[in-house]
Amino acid sequence: MRLTSLTQVPEALRPGYDPQAHGVGIVHLGLGAFHKAHQAALTDLAMTAEGGDWRILGVSLRSPKASDELHPQNGLYTLIVKGAEGTSAQVIGSVADAICSAGIPEPALAAMAAEGTKIVSLTVTEKAYGLDRAAQGCDVAHPAVAADLASPQAPQGVLGLLTEALRRRRDAGLAPFTVLCCDNLPENGVLLRGAVVDFARRIDPDLSEWIALNVTFPSTMVDRITPAATASTLAEAAELTGCEDLAAIETESFCQWVIEDNFPQGRPAWEAAGAIFTDDVAAFEAMKLRMLNGSHSMLAYAGFHAGCTYVRDVMANPPLAKLVRRHLATAAATLPPIPGIDTGAYADALARRFENPAIAHETFQIAMDGSEKMPQRIFSAVADARAKGVDCRAFTFATAAWLRHVSGATHDCDAYELRDPRASELQAMAVGKDAEEIIAALRGAAFVPPIVSADDGYWVEVTGLLAEMLFEPMQDVIAREAAV
Ligand code: CS2
């Protein structure tokens with residue numbers, strides 16, 4: 001097939017507006033597949049519905065791969081949507097351009113400080129924030145935070161970039177931008193606000209006060225299952241559009257965005273794209289983190305070690321699928337009621353999404369960064385479960401499966417990379433150790449909340465399960481667990 005450029009895509013697949021006629025109003029930090037499938041796609045729909053200068057300058061913080069792919073395509077890319085109703089493709093026009101700030105922060109800072117920029121949004125994953133969650137401030141031991149505190153005018157990390165750009169705006173007499181965190185963290189706006197205000201205080205107390213008084217950090221809940229793009233994604237995009245596209249991505253049809261409406265400088269008409277604006281994002285976020293993400297983490301660890309490459313393989317394995325259902329029900333039982341939400345129906349919908357045969361979502365991908373994910377996905381639910389008398393077996397099972405993964409080798413001794421910012425700390429705790437030793441070390445780790453660390457009954461159960469998982473094939477442990 002002879003492929004053309006994306007600018008020549010058939011009319012029906014083009015953005016519903018002329019991208020060039022719209023200015024940039026958003027700088028996005030963390031230009032990955034998730035941003036392209038979620039916020040950029042919804043901004044595209046919002047501009048189709050109501051216009052506005054809301055195009056996005058995408059910034060990758062670490063690798064130039066995304067900008068190398070998107071820049072030559074004028075920011076255009078194909079979004080392939082795979083649902084029960086079939087597969088469709090659409091070219092997204094909301095990304096105006098893409099740059100990489102690694103080692104050269106100036107263009108990103110200049111864009112964030114530009115008068116037209118009203119929003120800086122972020123999807124940088126949990127580990128990039130340098131959050132000290134206990135104190136809700138910045139973690140000065142985090143390498144990017146420490147480096148940015150030492151040279152605040154040439155920042156590399158998100159706290160440094162946000163703070164320096166806000167300083168420039170204040171000094172230029174410009175209104176601040178709204179900071180929109182779109183990562184899977186509880187009350188993500190509140191957490192990020194605390195970290196930025198604390199970071200700025202360490203450099204310039206007046207700036208910190210100006211930020212605290214003038215900058216809004218709405219919290220959000222974001223949801224769309226988006227696997228990393230592969231060669232087959234690009235081949236499918238070429239087939240669907242007739243165009244060559246190095247930046248194509250694929251995602252599910254489900255998409256949810258719950259946002260606190262606090263944008264003093266304005267925002268796109270995201271409600272026209274289906275976003276929900278509410279004052280109570282925290283309740284939605286807790287539900288999503290504990291149910292979707294918590295069961296995702298459990299099934300990623302247990303599934304990967306039971307030979308399931310993709311989430312859909314887990315759901316096709318009856319004992320594992322039963323444990324996913326158990327996890328969803330347990331997580332739901334820890335939540336306070338949310339008006340208008342039936343958590344049973346939400347659990348059913350999640351199971352169907354996980355089963356989606358068209359989505360190849362790797363368990364190994366979800367297994368990444370466990371030490372950054374377990375606190376809000378599993379540990380935060382334990383205290384509520386105890387208070388409500390909910391059986392914690394689903395959580396002890398998930399915790400043991402995560403610790404099994406930390407060993408870095410399968411039951412058949414195939415080694416894999418432990419992808420976690422605390423990989424060396426975790427492996428020092430776990431490799432060559434027995435279950436008791438691993439648990440004793442883990443209970444002292446800073447990322448385990450004290451109330452969970454002190455729960456002897458919890459750890460007795462984790463120890464028993466981990467001992468089984470260290471000695472037996474994971475499939476056998478799963479089969480026994482599901483038979484209960
Ligand atoms: C997943 C999430 O990789 C992970 O840890 O649990 O990325 C999940 O797919 C998204 O939050 C879905 O919205």
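A crossing of two helices is left-handed if the near helix is turned anticlockwise from the far one by less than a right angle, and right-handed if clockwise. Helices here are DSSP runs (H or I, at least four residues) numbered from the N terminus.

This is a predicted model, in which local features need pLDDT of at least 70, side-chain atom pairs count only at pLDDT 80 or more, and totals for chains, interfaces and linings use all residues. Residues are numbered from 1 along each chain as its sequence is written, and side-chain values use heavy atoms, with hydrogens and water left out.

**Stop 1: α15 and α20**

Select residues 370–388 (α15) and 456–471 (α20); the two helices pack at about 125 degrees, with axes 12 Å apart. Axes are lines fitted to C-alpha atoms, for helices over the stretch in contact, and angles run from 0 to 180 degrees between N-to-C directions. α15 is therefore oblique to α20; angles under 35 degrees count as roughly parallel, over 145 as roughly antiparallel, 65 to 115 as roughly perpendicular and the rest as oblique. Their crossing is right-handed. Show Ile-378, Phe-379, Val-382 and Arg-386 of α15, which meet Gly-457, Tyr-458 and Trp-459 of α20 (contact means heavy atoms within 4.5 Å). By class, five of these residues are nonpolar, one is polar and one is charged. Ala, Val, Leu, Ile, Met, Phe, Trp, Tyr, Cys and Pro count as nonpolar, Asp, Glu, Lys and Arg as charged, and the others, Gly among them, as polar.

**Stop 2: the ligand**

Then look at its polar contacts (pairs of N or O atoms within 3.5 Å). A side-chain N or O atom of Asp-223 is 2.6 Å from a ligand oxygen. For Lys-373 the distance from a polar side-chain atom to a ligand oxygen is 2.8 Å, and for Asn-293 a side-chain N or O atom lies 3.0 Å from one.

**Stop 3: α10 and α21**

Select residues 281–305 (α10) and 474–483 (α21), which pack at about 125 degrees with axes 8 Å apart. That makes α10 oblique to α21. Tyr-301, Ala-302 and His-305 of α10 make the contact with Met-474, Gln-475 and Ile-478 of α21. Four of these residues are nonpolar, two polar and none charged.

Conventions. Polar contact = N/O pair within 3.5 Å; in protein donor to acceptor, adjacent residues only side chain to side chain.
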